[in-house]
Amino acid sequence: MGLYDRNYMRDRQAGSNDGKQMLTTLIIINVAAFFIIRNSMFDEFALTINYGSHWNTAWLWQIFTAGFLHSGFSHILFNMWGLYIFGSLVANHISGSRMLSLYLAGTACGNILFILCNLEPQFPMQLVGASGAVCAMMAAAATLEPERRFVMIFMPFSPIKTTTLVICYTVMEILFELSGDNSSIAHLAHLGGFAGGYMIMRFYFGRRLPWDPFRSLFRKISSAGAHPGFPPPPRKTTQQQPPRPDNRSENNSRVSQRELDALLDKLSNSGINSLSDYELSRLRKARKQMRGEE
């Protein structure tokens with residue numbers, strides 16, 4: 001069985017085109033809505049919460065439509081820039097339909113969390129923007145491309161990994177919300193977007209995610225809580241182990257079909273974190289061989 005004969009590789013291959021096309025479509029819809037939807041039509045599609053309104057049937061569509069509206073040029077500029085940057089990473093892994101569901105899930109989860117925490121506001125509130133969807137894209141990018149690095153202009157530690165960027169941004173949003181920040185930024189919608197993005201990626205990929213923050217967290221907790229006097233029980237496995245030469249200089253040799261199958265079986269069963277640096281280098285070499293680069 002070859003590299004691109006496997007289901008998880010077919011999903012990624014299809015996503016490289018469909019996902020990018022859907023991403024472009026979402027950006028075009030946002031820009032078009034910014035110039036077309038005005039005045040009373042804007043109020044109809046924006047998420048509006050009034051005092052004592054409790055559950056409003058209009059929220060059923062406003063939860064989604066508010067994610068395509070923006071209040072000003074700088075608002076849509078920064079959101080579309082973030083959507084493009086992180087969405088481009090995610091589009092390499094998922095199809096167009098999954099890209100759309102990720103966008104809508106981030107929007108809906110962010111707006112729903114905001115509603116639940118503001119059922120009886122002191123004054124009418126109106127929520128618009130694709131920030132929840134952008135945060136969902138950030139969370140998805142971290143789970144799929146954890147080692148990708150970004151150069152941040154205003155951060156002292158740069159370049160920064162995707163996982164570190166998302167964790168820092170999430171902590172900042174929590175602190176801003178707990179501090180009672182009176183700005184017009186809906187921090188709860190951002191946090192809901194992160195949650196929505198993680199849940200939709202967990203639903204689609206399960207244990208195959210290259211990085212899962214909760215899996216990593218539980219692993220650290222369990223290892224820290226292990227009794228120092230008793231070593232952890234040995235892990236049993238029945239999966240085929242890829243052949244590994246004693247001399248690492250043989251890393252330059254061609255990857256056989258048998259070695260590739262063993263590597264892909266281990267990747268499918270245990271996830272990418274189970275592969276050693278040597279095994280990852282052999283997998284990359286196999287990919288170059290199949291592309292004819294070697």
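Reader: Where is the place of Asn-79?

Author: Helices are DSSP runs of H or I with at least four residues, and they are numbered from the N terminus. Asn-79 belongs to helix α4 (residues 73–91). The model is a predicted one, in which local features need pLDDT of at least 70, side-chain atom pairs count only at pLDDT 80 or more, and totals for chains, interfaces and linings use all residues. Residues are numbered from 1 along each chain as its sequence is written, and side-chain values use heavy atoms, with hydrogens and water left out.

Reader: Is Asn-79 buried or exposed?

Author: Buried means under 20% relative accessible area, exposed over 50%, and partly exposed in between (1.4 Å probe, protein chains only). Asn-79 has a relative accessible area of 8%, so it is buried.

Reader: With which residues is Asn-79 in contact, leaving aside its neighbours within four places in sequence?

Author: Contact means heavy atoms within 4.5 Å. By that criterion, Asn-79 touches His-70, Gly-129, Ala-130, Ser-131 and Val-134.

Reader: What is the phi of Asn-39?

Author: Most residues other than glycine have a negative phi. Asn-39, although not a glycine, has a positive phi of about 50°. Asn-39 lies in helix α2 (residues 39–45), and at 64% relative accessibility it counts as exposed.

Reader: What is the mean pLDDT of the chain?

Author: pLDDT is the predictor's confidence in each residue, from 0 to 100. The chain has a mean of 81, and 73% of its residues reach 70 or more. Over residues 1–15, pLDDT stays under 50.

Conventions: Helices (H or I, at least four residues) and strands (E, at least two) are DSSP runs, numbered from the N terminus.
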